[in-house]
Amino acid sequence: MEVFLIRVLQFMLAISLLVLLHEGGHFFFAKLFGVRVDKFYIFFDWKFSLFKFKPKNSDTEYGVGWIPLGGYCKIAGMIDESFDTEQMKQPEQPWEFRTKPTWQRLLIMIGGVLVNFLLALFIYSQILFWWGDTYIPVKDMTLGMKFNQEAKSYGFQDGDILVGTDTKAFKDFSADLYRDISEAHRVDIIRNGQPMSITLPGDLNLLGMLKADPSFVRPLLPAQVDSIMPGSPAAGIGIQKGDRILALNDAAIDSYNEFVDQLGRRHDMLLTAKTQADSLKARTVTVVYGNDTHCDTASVVLTPDLKLGFSIKSIADIYKPITTEYGFFESIPAGIKYGWHVLASYVDDMKYVFSAEGAKSLGGFGAIGSLFPPMWDWYMFWKMTAFLSIILAFMNILPIPALDGGHVLFLLYEMITRRKPSENFMIKAEYVGFGILILLMVVANLNDILRWLGYM
């Protein structure tokens, strides 16, 4: 429960900050051009609000709604998600959005996206300034990688050390490594101390590589015990620190990765268990373990969540991370470059959304919240906030009515043709766009529920 609350708090803080600044971007340009803002809200206030106030001699009501799905800046003389059509029936006023020049209205509409994008670049710059860039170079992972069957069909072997592709050297083990491999025609490796190259088609399915179980590639980790949980099945059969897991149910264990894969097969058995006896059978395994001086075999019942009860050394314990530090002025271009790379990668990955697997990968509030760490970590909090700011900027600029991008599309049409779309058309488009957004939100959050129930 504590982990859940910490993630919820981080998520709510990040979203509140992003919504506040996004709507603040619209607000800034509206005020700059003399447009009246009727309401400025964080979250939606359908029927009622949690808090609101209107300063003396101000036209704007500020408040906090109770539906945490975003926020809004209600700009006078504009057709938006408030669907205030009565206002549009009144005579035009000089302080209304609709009476302003097209270029001013365009800036008002892109103000939120602009702020979110600049905010992400600023946060990334500050992350590099305060924390630097810490990572473990892939070429330094001397134990190599563990590959799944698809990867092995292309010629990879367990233990291969990844060096780079025909276009660039690998940096760290991240989604970028998967992306580089998926687009590569050649991957350079070191196998048994000898440099080699593997030929690839250059168009591997990135989403399939990431979703595969086991994954296409993972750092190879030794199945060597580093610590034992008191009272665990491992402690019960006498496993000690320094022991290696050698076999599980007659399957040879050459790495911790293989050990996890074997437990995954037991998990499949547990899901299909119909009786208590079936569950007990799925949880009962024979373990072979030992070191240079002894080798033992024992039958043991795993915990209900299929844990043996030991841990291994982390990647950071096995390999020494390196840190690239940045001065204040160095961090600015580095942060801009990093943020632009994040945006470009996200846009490139959008093509998978239109596939069946991509639609299943959509996530709602639960999926986004789970990206935050289980313990409060300011580094990860700001990194996730910057990432969400990039997503919010990109999603809002999409040419969908009801989003900023939809309004921008119609304004560009007006600038090119010198004709305004009719108010009736704009109202209908707003309803259509709002319906699309609701549908996407339902699908994304339904996916979260199905994943939580184990159906996806």
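Phe-329 lies in helix α11 (helices, H or I, at least four residues, are DSSP runs numbered from the N terminus). At 70% relative accessibility, Phe-329 counts as exposed (over 50% is exposed, under 20% buried, and in between partly exposed, with a 1.4 Å probe and protein chains only). The C-alpha atoms of Phe-329 and Val-287 are separated by 56 Å, with the two residues 42 apart along the chain.

This is a predicted model: local features need pLDDT of at least 70, side-chain atom pairs count only at pLDDT 80 or more, and totals for chains, interfaces and linings use all residues. Residues are numbered from 1 along each chain as its sequence is written, and side-chain values use heavy atoms, with hydrogens and water left out.

**Salt bridges**

- Side chains of opposite charge can pair when their charged atoms come close.
- A search of the whole structure finds 16 salt bridges (a side-chain nitrogen of Lys or Arg within 4 Å of a carboxyl oxygen of Asp or Glu).
- Arg-105 pairs with Glu-414, and their closest N and O atoms are 2.6 Å apart.
- That pair links distant parts of the chain: Arg-105 sits in helix α3 (residues 102-130) and Glu-414 in helix α15 (residues 404-417), 309 residues apart.
- Arg-105 is buried at 5% relative accessibility, and Glu-414 is buried at 9%.
- Lys-39 and Asp-45 form another salt bridge, at 2.9 Å from N to O.
- Asp-45 is buried, its relative accessible area being 14%.
- A network of salt bridges links Lys-146, Lys-152, Asp-158, Asp-254 and Glu-258.

**A pair within helix α5**

- Arg-179 and Asp-176 meet through their side chains in a salt bridge of 2.9 Å, N to O.
- Both residues belong to helix α5 (residues 175-183), where they are three residues apart, about one turn of the helix.
- Arg-179 counts as buried at 10% relative accessibility, whereas Asp-176 is partly exposed at 28%.

**Helix α5 against helix α11**

- The axes of α5 and α11 (residues 328-349) come within 12 Å and cross at roughly 55° (axes are lines fitted to C-alpha atoms, for helices over the stretch in contact, and angles run from 0 to 180 degrees between N-to-C directions).
- The two helices are therefore oblique to each other (under 35 degrees is roughly parallel, over 145 roughly antiparallel, 65 to 115 roughly perpendicular and the rest oblique).
- The α5 and α11 crossing is left-handed (the near helix is turned anticlockwise from the far one by less than a right angle; clockwise is right-handed).
- On the α5 side, Asp-176, Arg-179 and Glu-183 make the contact, and on the α11 side His-341, Ser-345, Asp-348 and Asp-349 do so (contact means heavy atoms within 4.5 Å).
- These contact residues comprise no nonpolar, two polar and five charged (Ala, Val, Leu, Ile, Met, Phe, Trp, Tyr, Cys and Pro count as nonpolar, Asp, Glu, Lys and Arg as charged, and the others, Gly among them, as polar).

**Helix α8 against helix α9**

- The axes of helix α8 (residues 256-271) and helix α9 (residues 276-283) come within 9 Å and cross at roughly 180°.
- That angle makes α8 roughly antiparallel to α9.
- Arg-266, Met-269 and Leu-270 of α8 make the contact with Ser-279, Lys-281, Ala-282 and Arg-283 of α9.
- Here the contact residues divide into three nonpolar, one polar and three charged.
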